[in-house]
Amino acid sequence: MDIYDREHLTEFLVALFGKQANSWHPNEELFNLTYKLVAESGECSEAMRYVPEPLAPGKAPFKWLKKEVRSKFLKTLQENREQYVICLRGAAYNMALEFKMAAQGV
Amino acid sequence: MKRIFIVPLLALCLFATGCMAGNLVLSQDLALDYPEPELISHTSTTLIFKYEDWTMSHEIVDAETFYPGIDLSGDAEQFIRAFFTEDVRPSLSPELRDMAVKQREAFDIPDHAAYKDSLGSFDILGGYSETHGLGHIYIFDRAAIHHIVVKGKDARYKQVAKSIRER
């Protein structure tokens with residue numbers, strides 16, 4: 001991830017999980033979980049317009065998606081984060097443990 | 001002679017019941033017995049116990065940060081109870097009621113998999129989702145609400161739920 005992708009991912013995760021996400025280093029696993037969170041939510045699919053779906057089962061989105069697609073996906077999330085937070089709130093709360101573990105590298 | 005009893009007992013402890021390695025003091029009144037983890041990690045808010053094929057976490061519910069941008073101060077207990085108890089929902093504002101229903105949907109915990117128990121005067125609510133392989137436990141303690149998450153099989157979830165005790 002380049003610096004812009006990292007910034008976009010962090011800003012989106014802070015909007016979703018609060019200040020604790022400021023200390024999360026935006027790594028591949030956090031990207032994969034973010035993709036999973038958005039992909040599995042049927043309610044806000046705007047960001048999914050920018051990714052080829054469905055992904056092959058078991059494929060890690062970070063490795064599967066081209067860099068331009070990843071960047072567009074993250075930029076869309078960051079720019080529309082207030083809207084996404086509303087529709088992803090419940091699913092994000094349910095996945096919080098996975099995000100915390102990924103951020104800790106455990 | 002002692003070995004005749006000790007060896008099977010040890011094997012039973014390690015492989016059948018999940019030998020409890022320690023106890024986590026949750027509060028003045030409550031504790032949680034836990035088996036030896038592979039590692040323990042602490043984030044800014046959450047204590048995580050990681051095992052080979054499952055994970056457990058504990059945190060105290062913070063009404064101000066439960067959902068970013070929404071202050072649940074004064075409503076957190078009823079809001080959480082409303083995830084699992086429909087009778088509680090009318091006591092919430094329409095917005096919170098809607099959020100509680102959506103959260104329950106996001107948990108994807110079927111009614112038959114909801115968990116309700118009590119320890120003394122403390123209620124325990126939660127449930128396990130086969131879809132997500134994830135379960136939640138909320139303990140309504142005297143001065144705080146504990147949130148325990150178990151990621152793993154249902155049997156692990158039940159094991160953790162049963163390992164909460166009074167002290």
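Trainee: How many residues does the largest nonpolar core have, and which of them have the most contacts inside it?

Mentor: A nonpolar core is a set of buried Ala, Val, Leu, Ile, Met, Phe, Trp, Tyr and Cys residues joined through C-beta atoms within 7 Å, and in soluble globular proteins nonpolar side chains tend to be buried together. Here the largest such core has 56 residues, and A:L13, A:L16, A:L30, A:F99 and B:V160 have the most contacts inside it. Its largest share, six residues, comes from helix α1 (residues 3-17) of chain A, helices being DSSP runs of H or I of at least four residues and strands runs of E of at least two, numbered from the N terminus.

This is a predicted model, in which local features need pLDDT of at least 70 and side-chain atom pairs count only at pLDDT 80 or more, while totals for chains, interfaces and linings use all residues. Residues are numbered from 1 along each chain as its sequence is written, and chains are lettered from A and ligands numbered from 1 in the order in which they are written.

Trainee: Is B:L30 buried or exposed?

Mentor: A residue is buried if 20 or more other C-beta atoms, placed from the backbone, lie within 10 Å of its own, exposed if 12 or fewer, and partly exposed in between. B:L30, in strand β2 (residues 30-35) of chain B, is buried because 21 other C-beta atoms lie within 10 Å.

Trainee: Which residues is B:L30 in contact with, leaving aside neighbours within four places in sequence?

Mentor: Contact requires C-beta atoms within 7 Å, and the partners of B:L30 include B:L119, B:F122 and B:I139.

Terms used. Two residues are in contact if their C-beta atoms, placed from the backbone, lie within 7 Å.
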